[in-house]
Amino acid sequence: MSTPTESDVAARLEQLSRLREAIGQAVVGQDEVVEQLLIGLLAGGHCLIEGVPGLGKTLLVRTLGQALSLEFRRVQFTPDLMPSDILGTEVLEEDHGTGHRHFRFQPGPVFTNLLLADELNRTPPKTQAALLEAMQEQTVSYAGVTHALPEPFFVLATQNPLEQAGTYPLPEAQLDRFLLNIRVNYPTEAEERAILVQTTGRASTAVQPVMHGKDILTLQAWCRDVHVSDALLSWITALVRASRPEPDAPQVVRDYVAWGAGPRAGQALVLAAKARAMLHGRLAATREDVTALAAPVMRHRILLSFAAEAERKSADDVIAGLLTALPAPAGD
């Protein structure tokens, strides 16, 4: 595929603008969340969404699927959910003409374009691992046969930060598979009033498709061609390495971090910065792209120490300290 020109990007950006408008017909506010979801989509990565119940996470994902003309499925994760409930299973079928019996693979809900894994931390590790393997490989292996997942394939997993009883927190190695950790906050007063008006009347919020799967695949391929300067690459590398509690790490890291981000954080930050640049109509990433995405990319990849818990320090506080201790290179 040839490298896109600015006019090519401009044409696609018009589609993305219409996509945002279509989502806005059903989802009030949450502009930053929508932007980060689109960044994850363009970068070809999966997103972990954290927010209390009732903030429209399911509505947002369903609306995204409608506006993109993609198949959407939702799985409510519970303690009794089995891997086969997600991946699929084999069923025994009989040919009534010949009496011959054979096994046929029945695909599970993971065979879709947009999968909402609701409350992923409420299901046991065995089921979590089954989904995360599908996310990483984009295939499902069953009875020695490998089945490819459809393209594009995008998983949005949610976690309820308030619920602790009966949960199975995702291990750090599995959290690392998510490109972004997106925080969904409460709406403003004006937005909440608009939600009440929009959801308690007869007005329809049906969303018409404005893009298709092939458009997303094209943009994902173009995203890889967005330029990142050597200075920006060096800064991203330094940020990720500085998150590890080594003797020469910034003070905020040595005080509050037990385990820092791995190399996958650097890969995610580069790809996300490229996607944000394209979303804003640029063919080169800048320091603003990296600064805006440092927290969503790294917050779930940093394990805080007991001292951080005692002093009520969050991963975002550590990342803010990192950005202060390692300023961006000039000119990017």
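The legends below describe several close-up views of one predicted model. Because the model is predicted, local features need pLDDT of at least 70 and side-chain atom pairs count only at pLDDT 80 or more, while totals for chains, interfaces and linings use all residues. Residues are numbered from 1 along each chain as its sequence is written, and side-chain values use heavy atoms, with hydrogens and water left out.

**View 1. Five strands form an open, parallel sheet.** The order of the strands across the sheet is E2-E5-E8-E1-E9, where strands (E, at least two residues) and helices (H or I, at least four residues) are DSSP runs numbered from the N terminus, and two strands pair if DSSP finds at least two bridges between them. Strand E2 (72–76) and strand E9 (180–183) are the edge strands, each of which pairs on one side only. From one strand to the next, the twist averages 20°, an angle taken between N-to-C directions on a scale from 0 to 180 degrees, with axes that are lines fitted to C-alpha atoms.

**View 2. Strands E1 and E8 pair in the parallel sense.** Strand E1 covers residues 47–50 and strand E8 covers residues 154–159, and four bridges join them. Within this pair, Glu 50 stands opposite Gln 159 of E8.

**View 3. Thr 158 is a residue of strand E8.** Thr 158 has a relative accessible area of 1% and is therefore buried, a word that here means under 20% relative accessible area, whereas exposed means over 50% and partly exposed lies in between (1.4 Å probe, protein chains only). The side chain of Thr 158 reaches the backbone nitrogen of Glu 119 at 2.8 Å. When neighbours within four places in sequence are left aside, the residues in contact with Thr 158 include Ile 49, Lys 57, Asp 118 and Asn 121, contact meaning heavy atoms within 4.5 Å.

**View 4. Leu 156 also has its place in strand E8.** With a relative accessible area of 0%, Leu 156 is buried. Not counting residues up to four places away in sequence, Leu 156 touches Leu 37, Cys 47, Ile 49, Val 61, Leu 115, Leu 116 and Ala 117. The C-alpha atoms of Leu 156 and Ala 231, which are 75 residues apart along the chain, are separated by 32 Å.

**View 5. Leu 68 lies in the loop between helix H3 (57–67) and strand E2.** Leu 68 counts as buried, because its relative accessibility is 0%. Leu 68 and Ile 216 are 148 residues apart in sequence, and their C-alpha atoms are 8.4 Å apart in space. Beyond residues up to four places away in sequence, Leu 68 touches Leu 19, Leu 41, Met 211, His 212, Gly 213 and Ile 216.

View 6. A disulfide is a covalent bond between the sulfur atoms of two cysteines, and the cut-off applied here is a pair of cysteine sulfur atoms within 2.5 Å. The cysteine sulfur closest to that of Cys 223 belongs to Cys 47, and because it is 13 Å away, it is too far for a bond. Cys 47 counts as buried at 0% relative accessibility, and Cys 223 counts as buried at 1%.

**View 7. Strands E6 and E7 pair in the antiparallel sense.** Strand E6 (residues 139–142) and strand E7 (residues 145–148) are joined over four bridges, and the bridge partner of Val 140 in E7 is His 147. The hairpin of E6 and E7 has two residues between the strands, and in this hairpin Ala 143 takes a positive phi near 55°.

Note on methods: Polar contact = N/O pair within 3.5 Å; in protein donor to acceptor, adjacent residues only side chain to side chain.
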